[in-house]
Amino acid sequence: MLSKEELERIITVNPPSSKDITKEKVIDMLYESRALIKGHYELLSGDHSDIFFRFGLIARHNGYRGIIAKEIAKKFKKDYPDAIMAPITAGGSLLVELTSVLESRPINIEKDDKGKPSHLQDGYFINKGDRILIVNDLTNTGSGLRMMINIAKQNEAKLIGIGLFLSRSDKVIQDLKQEGINIHVLVNLKVEQWKREDCTLCKEGVKLEYSRNLNI
Ligand SMILES: [Zn+2]
């Protein structure tokens, strides 16, 4: 697990001085829940990294989940979402909390066998013109978010924004902002990741763990 000093170095919190979710509070959440782990991981994108994030460990803590949902809700309350879309299961617990706070309908998105959001779960629907907020625990390459944006578009819904707990890539967030998407991320994680063929941990024979098996 990572020490509080290591966490201090690799995260930034937006906004930095909100009363409920200060950097110190986020470090406490990550430290107490052990949601950031150190080892040798293959991310869903196929890249390798020595740091992995497991939102499920934070989300199982009612207090932490509530603080995160409240913070995301604050950003999008004025946009009155009709429905909130999230992939199950990692984003799912946040979805339940947010639909309650924002009095919106849930839209559960199923994942494919690679762990990427792919289609509407049976029984969930999108109305034409629905004002949709997308939420998730984290983004890395942005491909999962783009898949959900497409599902909203195909159903002629209106995307009002995207709320995330954490991002591994500032570029992905900036690109989405440039496209005019109202996206809010609570925590930026500054960690390295690299192509499998460039991975020194692979060359050293360090045991590899696959993120799809760790996403709880
Ligand atoms: Zn590797």
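A residue is called buried here if 20 or more other C-beta atoms lie within 10 Å of its own, exposed if 12 or fewer do, and partly exposed in between, with C-beta atoms placed from the backbone. The model is a predicted one, so local features need pLDDT of at least 70 and side-chain atom pairs count only at pLDDT 80 or more, while totals for chains, interfaces and linings use all residues. Residues are numbered from 1 along each chain as its sequence is written.

With 28 other C-beta atoms within 10 Å, Val-135 is buried. This valine belongs to strand β7 (residues 131–139); strands are DSSP runs of E, at least two residues, and helices are runs of H or I, at least four, numbered from the N terminus. Beyond its neighbours within four places in sequence, Val-135 is in contact with Ile-72, Ile-84, Ala-86, Gly-91, Leu-94, Leu-95, Leu-98 and Gly-163, contact meaning C-beta atoms, placed from the backbone, within 7 Å. Phe-165 lies 30 residues away from Val-135 along the chain, with 8.4 Å between their C-alpha atoms.

An α-helix has 3.6 residues a turn, so residues three or four places apart point the same way.

As for the α4–α5 pair, the two pack at an angle of about 55° with their axes 9 Å apart. Axes are lines fitted to C-alpha atoms, for helices over the stretch in contact, and angles run from 0 to 180 degrees between N-to-C directions. On the α4 side the contact involves Arg-65, Gly-66, Ile-68, Ala-69, Lys-70, Ile-72 and Ala-73, and on the α5 side Ser-93, Leu-94, Glu-97, Leu-98, Val-101 and Leu-102.

Helix α5 itself has eight of its eleven residues buried, so it is largely enclosed by the rest of the structure. Those buried are Gly-92, Ser-93, Leu-94, Leu-95, Glu-97, Leu-98, Thr-99 and Leu-102. Covering them are elements including α3, α4, β4 (83–87), β5 (105–111) and β7. After α5 comes Glu-103, with a positive phi near 50°.

Technical notes
Two residues are in contact if their C-beta atoms, placed from the backbone, lie within 7 Å.
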